[in-house]
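Hi,

Here's the structure I promised to pass on. Have a look at it first, and then read on for what turned up.

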Amino acid sequence: MTQHDRLLIIDFGSQVTQLIARRLRELNVYCEIHPFQNVTDAFLADFAPKAVIFSGGPASVFAEGAPMPPASVFDLGVPILGICYGQQVMMHCLGGKVERGHGTAEFGRAFVTPQNERCELLGGWFQDGREQVWMSHGDHVSALAPGFRVYGTSPNAPFAITADPDRHFYAVQFHPEVHHTPKGRQLYANFIRIAGFTGDWTMGAYRDEAIRRIRDQVGPEGRVICGLSGGVDSSVAAVLIHEAIGDRLTCVFVDHGLLRQGEAEEVVTMFRDHYNIPLVHADESDLFLGALDGVSDPEEKRKTIGRLFVEVFEKHAKSGGGAEFLAQGTLYPDVIESVSFSGGPSVTIKSHHNVGGLPEKMGMKLVEPLRELFKDEVRALGRELGLPQRFIGRHPFPGPGLAIRCPGEITRAKLDILRRADAVFIDQIRRHGLYDEIWQAFVAILPVRTVGVMGDGRTYDYACALRAVTSVDGMTADYYPFSHDFLGETATRIINEVPGINRVTYDITSKPPGTIEWE
């Protein structure tokens, strides 16, 4: 566990609880999210939070078995902030009153106006008389607990902002963590200032701390093997571990023949030449493409690739000097998602995460130096470690690679066409300065051939689809609104520069109903 001052977020099931943690991390405050039923008296004593936040949630305090915090949390003597359901829980536990909706529900944008004198939570608020916030509540507080006063109201929330300044207990009915509460960041900054956080959660500090922990875990002679995908997470983990233990780390880069143009060379060059990290470049393209010959079902493709990856990695791990530790690029969202709000195993576990299945199969101990970090923090750590920005800022790339961007049967010829078309598309995006505005962009080669005319001749070649989306976390996405000039220029370049394609389309499907990838 980190030695930084810690803020505890007690999760009551809100869909946006992770956003609370993101906002706090942006303010250089270390925090952790834990489901309410895991937060016992013993847990609180061990965690020793410097402040506590109650998240929102879908429940009603009137429901049987409604989520509640332990009573001892109010006796810790630390600041507490309740958000939405968290406000209602606080009032319910401390002697206030909560009522069911009865026409006072609020969903979406609302405006809060100040009441009484300002409290320290609201520094920088109400300079223009009112503040926009984002509401999402049915029940509402109808009477304050002893010691609390109202500091802000909205049309359907008479106690939109309440506080007991003497105890440093604060409660708001809206969600300051979402984008639609423009001054939400300021409210969080005020709260952590009240709690006395020094803002010591920085990537420089984390780097030094993580290196010490890796050395303590692995010991003076332990060896680590890392499954290197070429993506940001595994690459940052590998460079960090190498700083900690040097040549006792070996990376295995499995080239399944489904990578983008020049990708294998880029990864191998960076790790062997720039970082001098021991690297096994396992060129297994013949094995993978042979096994995929004639396979067109998307799920069978994924399963075949996953099975072969495990077999190949295990083979090279056994010949790699007897490493007893396996490194993975597990991130904090993966840790959060592994325990659901109900406290049990998550309903959905990412089947594509890292090298799934290997730890149990190989009997190795896990080294997961990124498990406390969000994705943007991993990128920041990568910059701290000196990884090139062009590499750190790369768009996500799926584990099965180009196999799922090649609907239907996979052939070497189709993969070669796809690589060239994808390279042109990405080059166009970079030339127009759009790369960092886009979450993910790629080309899919379609399992159809179309008639075309080039020069005076007839062509019968493949059609392709361009795909580019904007997203925050990949869970939902919308297509990027390229100009028609950009699309026309890109289509012309692909058709002129990539033999085998004579028709270009642009996929404008959002997620949902579609997925980002085609398979």
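What percentage of the 519 residues in the protein is buried? Buried residues come to 55%. Keep in mind that this is a predicted model.

Overall size first. A compact globule of 519 residues would have a radius of gyration near 24 Å, and the protein has 26 Å, so the two agree. The C-alpha trace spans about 80 × 60 × 40 Å along its principal axes. The accessible surface is about 22,500 Å², and carbon and sulfur atoms account for 50% of that.

As for the fold, the protein has 15 helices and 20 strands. If you take the contacts between residues at least 6 apart in sequence, 76% of them join residues at least 24 apart.

The part I'd look at is an open sheet of five strands, in the order 14-13-12-15-16, with parallel pairing. Its edge strands are strand 14 (279–283) and strand 16 (365–367), each of which pairs on one side only. From one strand to the next, the twist averages 25°. Within this sheet, strand 12 (residues 224–228) pairs with strand 15 (residues 325–327) over three bridges, in the parallel sense.

Helix 5 (residues 203–218) lies across strands 12, 15 and 16, and runs at about 165° to strand 16. Helix 9 (residues 298–318) lies across strand 12, strand 13 (249–255), strand 14 and strand 15, at about 150° to strand 12.

Cheers

Conventions: Residues are numbered from 1 along each chain as its sequence is written. This is a predicted model: local features need pLDDT of at least 70, side-chain atom pairs count only at pLDDT 80 or more; totals for chains, interfaces and linings use all residues. Side-chain values use heavy atoms; hydrogens and water are left out. Two strands pair if DSSP finds at least two bridges between them. Helices (H or I, at least four residues) and strands (E, at least two) are DSSP runs, numbered from the N terminus. Axes are lines fitted to C-alpha atoms, for helices over the stretch in contact, and angles run from 0 to 180 degrees between N-to-C directions. Contact means heavy atoms within 4.5 Å. The radius of gyration is taken over C-alpha atoms; the globule rule is 2.2 Å times the number of residues to the power 0.38. Buried means under 20% relative accessible area, exposed over 50%, partly exposed in between (1.4 Å probe, protein chains only). Accessible areas come from the Shrake-Rupley method with a 1.4 Å probe; for residues, only the protein chains shown count as cover.
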